[in-house]
Amino acid sequence: MTVTTSTSPALHPYQDPGKPVGERVADLLGRMTVEEKAGQLFHAMTTLGDRGELADDPQRAFGGFTVRQMVAEKGMTHFNLIGAATAREMAEWHNRVQELAAATRLGIPVTLSTDPRHAFTDNPGTGMAAGPFSEWPESLGLAAVGDPELVRQYADTVRREYLAVGLRLALHPQVDLATEPRWSRICNTFGEDADLTSRLVGPYLEGLRGPGDSLGPDSVSAVVKHFPGGGPQKDGEDPHFPYGREQVYPGGLFDHHLAPFRAALAAGATQMMPYYGMPVGTPYEEVAFGFNRGIVTGLLREELGFDGIVLSDWGIISDSDIMGEPHPARAWGVEHLDRHERILKALDAGVDQFGGEACPELVVDLVRDGRLPESRLDTSVGRLLAEKFRLGLFDDRRHVDPDHAEATVGRADLRALGAAAQRRSVTLLKNTDGLLPLPGRPRLFLQGVAPGTAAAYGRPVDDPADADLAVIRLDTPFEPRSGRFESFFRAGRLDFAPERLAEILDLMAKVPTVVAVHLDRPAVIPEIAERAHALLAVYGASDRAVLDVLFGRARPEGRLPFQLPRSMAEVEQGRPDVPQESTDPVYPFGHGLTYTA
């Protein structure tokens, strides 16, 4: 790989790559103004301009500030990249941003972060579809395979592709336990089992870290989220929104949800993100975790011994406009505080950096007014600068090579690894009379499957009466929500509406039917499971990957990463913090069949 290397002489100790990280941090801290320190505490969203240029129109910018303004005027150097382009355009944009940073007084380089962008999810609040990157199953699919080496291979691929375009901080893995089946964020977890999640988080972090036992120039750092576990949501609602702010533990399993975070710490995690939710009915203060000193300092730092970076989830200080809609700050439990007071409370809780915010002037106000000691800034800024130094951002990793990016991202061998993982993750739940794998070239009635793709396997027909078999792909049901941003979060009921269920069952009565259901949450499908001739679960898989399994070109290796409940009544009566609570699931956790040959 070719990178652009700084050729300017080292003028100060912090610019000398031969000096220890601690010495470089101390030297740089001593040269920084309060304003420059405050800028490091904010980690805002930004987007690319056209064809890899900087987007200089404030009307198109998140929060009304362009990346040029945030670097040059606000002293910020951490940005969460939203959206996608070609690999070359992303690399060129990255280099332009680094040039902006290099032109500032101290030349502190930028750290670019991203939500997951290697699977099928497309939610501007949680992750992006793969686009130019290699396409893998969601984390649930990796959990279904349950192979630590596959997880390490996945994360290593992510590392290589992120590095190529200049992304140095992964806002993942998400190690929450999916104990409330209605929760909209289950698809990015490893399922409901604490032991399985704990086994997989270490290889995930190792793959992102790359060679060696600690972060280095070839590493992508990782933010493990959402401490202390974002799964036990009251009624399954998500705390992105006011009605989902409460996390409850009627089963008394608060500590159970800590297990994956303990495993992440043992594996060398350097960053943690508290969730938006506020604990209800626990010994802790009933305020959101990012403001909760008992959680961040008492539990994470003092009890568990974490001395890394705590990055808040996005938008806990300021109200915001998202997709043209007003949204309140996710300052649950401290809504009565003004923005200065919220910052003070979060810093006192132990937070180092504010995600989705761009208001360093508020921190400057607090220091100037004597309400916040500058030494408190030094603690957090020191942690943030140390990670930049370890990642090589001050040295030969400041820029990337667009030619290398174009040759690496979405490379054929990396796409092949992702496609193979999709096939492996397919979970065969039912196979009546050994129907699968399908022989020959049957006549296929299709729903949710591209006929052009299916024509390579069988003969698509337009009428079920003419078919030997129906193959249909279904999504897990959800309740549509009215807000534009809210509509991306698939929450609520898990069963099909009566009219839609009747349509599916009517087709099954006409022709033997194979059903592949995409499980981004545990679907309630007892009638479909009973009447399907074959039933498969997928967690992000192309039509080709599904058809390869149906026709025996690949074997299904997946096992359910959660139970499939039998009824919505069972779900509604469940306790949000308790895993595997059904006594009579349609299919249990860990269920999965395969082919004998």
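Buried here means under 20% relative accessible area, exposed means over 50%, and partly exposed is in between, using a 1.4 Å probe and protein chains only. With that in hand, select Trp-314: at a relative accessible area of 9%, Trp-314 is buried. You'll find Trp-314 in the loop between β9 (309–310) and β10 (320–322); helices (H or I, at least four residues) and strands (E, at least two) are DSSP runs, numbered from the N terminus.

Some housekeeping before moving on. This is a predicted model, where local features need pLDDT of at least 70 and side-chain atom pairs count only at pLDDT 80 or more, while totals for chains, interfaces and linings use all residues. Residues are numbered from 1 along each chain as its sequence is written, and side-chain values use heavy atoms, with hydrogens and water left out.

**Another buried loop residue**

Next, click on Glu-237. Is Glu-237 buried or exposed? Glu-237 is buried, at a relative accessible area of 15%, and its place is in the loop between β5 (221–227) and β6 (246–248).

**Rings**

Time to show the aromatic side chains. Rings of Phe, Tyr and Trp (its six-membered ring) pair if their centres lie within 6.5 Å; planes under 30 degrees apart count as stacked, over 60 as edge-to-face and the rest as tilted. The structure holds 17 aromatic pairs. Start with Phe-389 and Phe-394: their ring centres are 4.1 Å apart and the planes sit at 15°, so this pair is stacked. Both Phe-389 and Phe-394 are buried.

Then jump to Phe-485 and Phe-489, where the centres are 5.2 Å apart and the planes are at 75°, so this pair is edge-to-face. Phe-485 is buried at 4% relative accessibility, and Phe-489 is buried with a relative accessible area of 4%. Finally, select Trp-136, Tyr-154, Phe-190 and Tyr-204 together, since ring pairs link these four into a cluster.

**Salt bridges**

Side chains of opposite charge can pair when their charged atoms come close. The rule used here is a side-chain nitrogen of Lys or Arg within 4 Å of a carboxyl oxygen of Asp or Glu, and by this rule there are 41 salt bridges.

Select Arg-68 and Asp-56, whose side chains meet in a salt bridge at 3.0 Å, N to O. Arg-68 lies in helix α3 (residues 67–72) and Asp-56 in the loop between β1 (42–47) and α3, so the pair ties together parts that are 12 residues apart in sequence. Arg-68 is partly exposed at 36% relative accessibility, and Asp-56 is partly exposed at 41%.

Arg-160 counts as partly exposed, at 40% relative accessibility.

Next up are Asp-468 and Arg-443, a salt bridge with its closest N and O atoms 2.8 Å apart. Asp-468 is in the loop between β15 and β16 (469–475) and Arg-443 is in strand β14 (residues 443–447), so the pair ties together parts that are 25 residues apart in sequence. Asp-468 is partly exposed at 34% relative accessibility, as is Arg-443 at 35%. Before you leave, show Arg-88, Glu-92, Asp-403 and Glu-406, which are linked in a network of salt bridges.

Most residues other than glycine have a negative phi, and most peptide bonds are trans. Another cis peptide bond joins Leu-436 and Pro-437, with omega about 0°, and Pro-437 lies in the loop between β13 (427–431) and β14.

Stay in that loop between β13 and β14 for Asp-433. Asp-433 has a positive phi, near 55°, and is exposed, with a relative accessible area of 80%. Last stop: Gln-580, in the segment after α19 (568–573), where phi is near 50°, also positive. Gln-580 counts as partly exposed at 32% relative accessibility.
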